[in-house]
Amino acid sequence: MKDTSLSVATPNPSLTSGKQKLALAVAGLGVLLLLIAWASGHAFSPLLLLLTSLGLMSAGVWLFVREEYLRRPEGIKNNGVWFKSLSARGVWGWLAAIVLTGFYTVLYFFPEGWLGGLTQVFDPLSRGLRKMPADKWFVYGSLYTFSILALGVKFIYKYRHNRYQLLRTVSVMFFQLGFAYLIPAFLQLMQQPEYYFTYFWPLKDYYGSPSAVRYYGSATSISVYFIVFSALMTFVATPVLTYFFGKRWYCSWVCGCGGLAETAGDPFRHLSDKSLRAWRIERWMIHSVLVAVVLLTGLLWLNSWQKGGVLGSFSQTYSTVYGYLIGMAFSGVVGVGFYPLMGSRVWCRFGCPMAAILGIFQKKKSKFRITTNGGQCISCGNCSTYCEMGIDVRHYAQRGQDVVRASCVGCGICAAVCPRGVLRLEGASADVGQRTQATRTVHIKLEDVKIL
Amino acid sequence: MKIVILGNGIAGITAARHIRKMSDHEIVVVSDESDYFFSRTALMYIYMGHLRFKDTQPYEPWFWEKNRIQRLRARVERVDFQEKKLHSTTGETITYDKLLLAVGSKSNKFGWPGQDLEGVHGLYHLQDLEAMERHTPGLERAVVVGGGLIGVEMAEMFHSRGIEVAFLVREPDFWSIVLPPEESRMVSRHLRAHHIDLRLQTELKEIMPDTSGKKCAAVVTNTGETIGCGFVGLTVGVSPNIGFLKNTELETQRGILVNEFLETNIPDVFAAGDCAELRQPSPGRRAIEAVWYTGRMMGETAAHNIVGESRPQFYNPGIWFNSAKFFDIEYQVYGDVQAKLPDEQATLYWEHPDGYKSIRLNYDKSSRRVVGFNLMGVRYRHEVCDKWLRTHAHIEEVLQHLGLANFDPEFYPQHEAELVRLYNRQTGRDLQLKQRRGLEAVLAFLK
């Protein structure tokens, strides 16, 4: 079947107002300044350049979204999503995917010097925050955090009528800025080892490795607590929090990968594949990565215990390959680079081992579910379409069945876009044992039809 | 046995699915409209760019092969009930052992001059949407006639593409033959906030052609005004699409007459959905209810009776419910809420100060049993409301536990306590809200 919109009118949204054109120009100028510094490999007056560039980009985004969303009454803003080139895999979408993929490839696989100009721009910020020269990872972290903040503000304007979306977005912005950016920088300023309090094993496979334990165990007087914290988060907090709230406590409220997906990735959420085939591939892939990382950590510990006696250099080679394939190529290059082609959660859905573990808990032992409202579903497909994880929410909603899916990150957008008020994210312990059964169906006649 | 289902809308497809669940009979679904079942109510979202056509299809193409539901694209123009044969416009014949007529509706036209001009359309079929698309390039203003559910959808569709909409509504407020006055006024207000040119108490008199004489160019209203437009949406209701079945031995009035088992007067022929007219509707219900939900329930009932292995199933639609969305305002109704409050009923109506949310509870004056819920911009739980209505719960019992019904997203403000206070003020009682929103209590209540 032809995979296009029915539209023959090519409703190219030329509705952009004068103010929005100005806003685009302002933001574009900010981006251009960074590009010039990058291309020339040399930043003239870095501090001024940085402030001007970030200032212009912020102002541009802010002006644009105010004009876009405040001009209209609050509500769902999906008009033209499938008509716009950027959000419907048109020229702009492909271009964005190529640029993003290219940027990540350079970042991960090319020498430091390739980002020299950009590094110079961020140098004053790095010295100010942590009294260290900038490197490419600092540049990346800064741009990443900036994206979550700027586009988080956009998301808040877009969903200003929805308090769940509002709080969730403030939360990811807060955790990214504080826990994944300022605190690690502050640790370095205090001569402590860099540590991210929002990433745990197995997503951050290094934190579970013997070398990390050795390093943090002895680096400074307090760094040993980082490892204790990390282990507690993985083995205690993860099951407990997931039991009460579902995996969303992490994936759509705290995690930085999720943070970027929910803010910068929001315009692409509908591009995730909803087919049964995609679901099959997803289950194979994500659990394979989980097995791979468990194996990785196991091998590293075995090797460390045997002092290299049994496995020789195998575990190290395995670790390097995992790092390249999963840590860099999959989670980085594909994970973000493919936003405009496969939706914002490619990594979270097909790769993230943390999501896999959280998913198993969510499916087997959690109060969380999305309930559906009796017989009110009209099978329109908004919920499924706007599910970034590719869950066919409608399949459950039209049967009046609770949605309990390992992959659901609890973003709540399905419930927001539902035009009939059919979906609600909630939790209860009452029927926690049998809730995944397919026959837990509240039927259309509600009382007197036997479930078939 | 070969079962042929005419029509692949919600009634026909629900029947096909349930027949397959219960039996191994041969199933053929015949449709002229589309290859695959899609959600008719979602057509607007395709035009607005929220969804692609394929996103409105609840089942992937493999579903039909896997479940051995044959699909046949054909337009049936004649049914030979004696020979049990369908005749298509292309000369094909399709035989059946049992037949389900689920042929849906067509948009009403009331004989206005110019109603058959180009650019004059209703919105029901996929082909109507295609017509809207065809007329959209260069379209500056559209006139939508008829203040009901489809009219407001059409207004929102054009509005989403930056096309001016003049919305002619015969009643003093939007859909005020169904909505109580406060809710009706709320929607009118909201439409105007979206810059819809809402013309209340205005009727269509005539549609004027352009210079070619073929295409619409303007409408004339009963107030004598002429409104130029390149498209006229006629959304003044629908009626059963049974023209090709008239003057056969099949008994029809406005729709195909069926008994409580959805059987027509002809053996082995059933009807379900928009096109079916119940000979004896249950009390308080209409003989024809052209809504998605009743189509689904009828499809399921018909499936039982077509397979016919268990005892016959009554069509029992239960307590009335419906829902819609008027631009940004969601609407849900459970039970009996009439535009004009019957004398024996009292109403408790709360409206948010921002004017875009309301909760209404209607109850019987003498018995004080709750009879209906009407919600605007607030979501209530179907199962909870349904149980209260079925069990004729007392208004004070309901009010004190009203939180059970709240289905709004987490962190949304809960307004149930305000309703209790309002009730106390109106009646001099001193009730307290005992139950706030939450699934745990709901599951206990529904047990």
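**Exercise 1.** In which loop of chain B is Glu309(B) found, and does Glu309(B) count as buried or exposed?

Before the solution, some conventions apply: residues are numbered from 1 along each chain as its sequence is written, while chains are lettered from A and ligands numbered from 1 in the order in which they are written. The model is predicted, so that local features need pLDDT of at least 70 and side-chain atom pairs count only at pLDDT 80 or more, whereas totals for chains, interfaces and linings use all residues.

*Solution.* Glu309(B) is found in the loop between α7 and β21 of chain B, where helices (H or I, at least four residues) and strands (E, at least two) are DSSP runs numbered from the N terminus. A residue is buried if 20 or more other C-beta atoms, placed from the backbone, lie within 10 Å of its own, exposed if 12 or fewer, and partly exposed in between. Glu309(B) has 7 C-beta neighbours inside 10 Å and therefore counts as exposed. From C-alpha to C-alpha, Glu309(B) lies 45 Å from Pro180(B), and the two are 129 residues apart in sequence.

**Exercise 2.** How does the radius of gyration of chain B agree with that of a compact globule?

*Solution.* The radius of gyration is taken over C-alpha atoms, and the globule rule is 2.2 Å times the number of residues to the power 0.38. For 447 residues this rule gives a value near 22 Å, and chain B has 24 Å, which agrees. The C-alpha trace of chain B spans about 75 × 65 × 40 Å along its principal axes, and 49% of the 447 residues count as buried.

**Exercise 3.** Which elements of chain B supply the side of domain 2 that touches domain 3?

*Solution.* The domain assignment, whose bounds come from an automatic or database source, gives chain B domain 1 (2-106 + 239-307), domain 2 (120-236) and domain 3 (321-446). The C-alpha centres of domain 2 and domain 3 of chain B lie 32 Å apart. Counting a contact where C-beta atoms, placed from the backbone, lie within 7 Å, 16 residues of domain 2 of chain B touch 14 residues of domain 3 of chain B. On the domain 2 side, α5 (149-160) and α6 (181-193) of chain B each supply at least two residues, and the largest share, seven residues, comes from α6(B).

**Exercise 4.** How many residues of chain B are in contact with chain A, and which element gives the largest share?

*Solution.* In chain B, 59 residues are in contact with 58 residues of chain A. The largest share of this side of chain B, five residues, comes from α7(B).

Technical notes:
Contact = placed C-beta atoms within 7 Å.
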